Amino acid sequence: MVESANAKTILVTGATSGIGYQAALDLVKAGATVLAVGRSPSRCQQARESILKICPEARIDFLIADLSVQSSVHQLADQVMKILDGNGNRALDVLYNNAGIYASRRTLTRDGIEMTFAVNHLAPFLLTKRLLPALQRAADGRVITTGSASHYQVSIYPSRPEKAPFFIGIQAYAISKLSNILFSFEFNRRVPTANLQAWVVDPGLVNTDIGLKDSGFLSSLVWRNRQKRGTSAEVPARTVHRLALAPRQEISDSLYWKDCEPKAPSRLSQNGDLARLLWEKSCHLTGIEDYFAAH
């Protein structure tokens, strides 16, 4: 059962294609007001027009942000808070951290941080922190992040994932996805109220273009092959839809979900000491104070 979404406001990052686009479409169909985020103005416009063509009554606005740049994440958060205040509804019911990248070559962001780690982990970490006041105003606040089964491949977490001494694209991606789970695990441990919960969605193998945006020939070849074997974005979007809108009593506190059911993540992803250390490092790398005192 999924409750009415007519009064809910939901933020979706990476909403111009793939899982993010499908999730945004499904959520507006359910009646939610969606603030969708993309990096390209033209792709945002195309996605908005496509959604409105399918669902003319959709309440959706697209916001532009480059999540690899921390100042842009701050600007996005400021814009979202302003929109919420202007609408008279100062609460954000759901934050869906979906935007992510895969890179075959080591690249640094403007902030001097490895790109994969910056976009896939630090951006959700920082955005969640900045939007925390609005999430806490919701009667039933929810934070959902797109994970990946690749996290099972990480047996040792590097002490400095933002500056690995050597770089392997798929390993960097897997570490960033493990970071998503560690972040959500620690978020739930530190969150001081019962009306705010975080989950991670394992999308499985999906037919999206995340790997095709990388310029490496071999990388593109591998991802094209994976793409052919992947399911449609509608499949993981159903899990996002359930976690975003189902009555709270119908969703367990299980951290990791796939195909609308709880699934056990790796043991490493539930290591309390590692989660705490990553949290503290993330605060340092984003220049913010710890937004929940450990307890």
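Helix α1 (residues 18-29) packs against helix α8 (residues 234-245) at an angle of about 50 degrees, with the two axes 9 Å apart. The pair is therefore oblique, a class left over once angles under 35 degrees (roughly parallel), over 145 (roughly antiparallel) and 65 to 115 (roughly perpendicular) are assigned. The contact, meaning heavy atoms within 4.5 Å, involves Ile19, Gln22, Ala23, Asp26 and Leu27 of α1 and Glu234, Pro236, Ala237, Val240, His241, Ala244 and Leu245 of α8.

The model is predicted, with local features requiring pLDDT of at least 70 and side-chain atom pairs counted only at pLDDT 80 or more, whereas totals for chains, interfaces and linings use all residues. Residues are numbered from 1 along each chain as its sequence is written, and side-chain values use heavy atoms, with hydrogens and water left out.

| Helix pair | Angle | Axis distance |
|---|---|---|
| α1 and α8 | about 50 degrees | 9 Å |

Strand β1 (residues 9-13) is mostly covered, as five of its five residues are buried, that is, under 20% relative accessible area with a 1.4 Å probe and protein chains only. Thr9, Leu11 and Thr13 point one way from β1, while Ile10 and Val12 point the other way. β1 runs parallel to strand β2 (residues 33-38), joined by five bridges; Thr9 has Thr33 of β2 as its bridge partner.

Conventions. Axes fitted to C-alpha atoms, helices over the stretch in contact; angles between N-to-C directions. Helix = DSSP H or I, 4+ residues; strand = E, 2+ residues; numbered from the N terminus. Buried < 20%, exposed > 50% of the residue type's maximum accessible area, 1.4 Å probe, protein only. Pairing = 2+ DSSP bridges.
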